[in-house]
Amino acid sequence: MMFSAGMVVAFSIHEAAHATVAQMTGTELDWELGNYNQPIAFTGHVENERDGRALYSAGLISQVIGSEFILQSNGIDKNTAFTRGMMAWNIINPIMYSLDYWYIRRSNQRDGNRFQGDIEGIEYYSDERTADGFAISLVGIAVFQGYRFLKTQTWTPDWIRGKKYCICFGPQPLGGVGLKWSLYF
């Protein structure tokens, strides 16, 4: 029950971020239940490309920020069902959104001049390259945050919670500075 509540709260924060940016940019939103293969969806009546990019990226960016807040806060118990639910949504949703944008095309679609989905909205108000970069960044951040969250869980084995990597700088024999990344397993 609390796991589901955490997911619902994270979903609500995602949608609230869209509404907040719409309010800040003076964008009118039309909300619909059960549209675009999602529980709730909006259509934004955007005035310019900058506002469109901000509006459609706001939900996913709020998830990255929310996860980082949870990960960096010492006052939040990361081993509760509620927190696990929030983190599950914040990690899985950006990955699924990106996979949908690239391959599945169920939530992110374009029909002529109309589109649906957050990443498709970013493409509509910028270009495919920007949307791909945004999606790749989201996946990378979500995977890294998921790994860091796993390290906080009491049920994970010690080898996951132990030291896993080291990033070192050092001088090179022919001059310059080298970057070394060691992965321990």
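Colleague: Which residues do ring pairs link into a cluster?

Modeller: Rings of Phe, Tyr and Trp (its six-membered ring) pair if their centres lie within 6.5 Å; planes under 30 degrees apart count as stacked, over 60 as edge-to-face and the rest as tilted. This is a predicted model, in which local features need pLDDT of at least 70 and side-chain atom pairs count only at pLDDT 80 or more, while totals for chains, interfaces and linings use all residues. Residues are numbered from 1 along each chain as its sequence is written, and side-chain values use heavy atoms, with hydrogens and water left out. The cluster joined by ring pairs consists of Trp31, Phe42, Tyr56, Phe115, Tyr124 and Tyr125.

Colleague: How many aromatic pairs does the structure hold, and why is the pair of Tyr56 and Phe115 classed as stacked, tilted or edge-to-face?

Modeller: The structure holds nine aromatic pairs. In the pair of Tyr56 and Phe115, the ring centres are 5.3 Å apart and the planes meet at 65°, so its class is edge-to-face.

Colleague: Which parts of the chain does that pair tie together, and is Tyr56 buried or exposed?

Modeller: Helices (H or I, at least four residues) and strands (E, at least two) are DSSP runs, numbered from the N terminus. Tyr56 lies in helix α2 and Phe115 in strand β4 (residues 114-116), so the pair connects parts that are 59 residues apart in sequence. Buried means under 20% relative accessible area, exposed over 50%, and partly exposed in between (1.4 Å probe, protein chains only). With a relative accessible area of 5%, Tyr56 is buried.

Colleague: Which residues touch the most other members of the largest nonpolar core, and which element supplies the largest share?

Modeller: A nonpolar core is a set of buried Ala, Val, Leu, Ile, Met, Phe, Trp, Tyr and Cys residues joined through side-chain atoms within 4.5 Å. Of the 21 residues in the largest core, those touching the most other members are Leu55, Tyr56, Leu60, Ile119, Phe134 and Leu138. At least two residues come from each of α1 (2-25), α2, α3 (81-104), α4 and α5. The largest share, five residues, is supplied by α2.

Colleague: Why is helix α4 largely enclosed by the rest of the structure?

Modeller: The buried residues of α4 are Asp118, Ile119, Glu120, Gly121, Ile122, Glu123 and Tyr125. Helix α4 (residues 118-125) is largely enclosed because the buried residues number seven of the eight.

Colleague: How many salt bridges does a search of the whole structure find, and which helices hold Arg148 and Glu68?

Modeller: A salt bridge is a side-chain nitrogen of Lys or Arg within 4 Å of a carboxyl oxygen of Asp or Glu, and the search finds three. The side chains of Arg148 and Glu68 form one of them, at 2.7 Å from N to O. This pair links distant parts of the chain, 80 residues apart: Arg148 is in helix α5 (residues 128-150) and Glu68 in helix α2.

Colleague: What separates Glu49 and Arg53 along helix α2?

Modeller: The side chains of Glu49 and Arg53 meet in a salt bridge, at 4.0 Å from N to O. These residues are four apart in helix α2 (residues 49-72), and therefore their separation is about one helical turn.

Colleague: Is Asp51 buried or exposed?

Modeller: The side chain of Asp51 meets that of Arg50 in a salt bridge, at 3.3 Å from N to O. Arg50 is exposed, with a relative accessible area of 58%. Asp51, at 7% relative accessibility, counts as buried.
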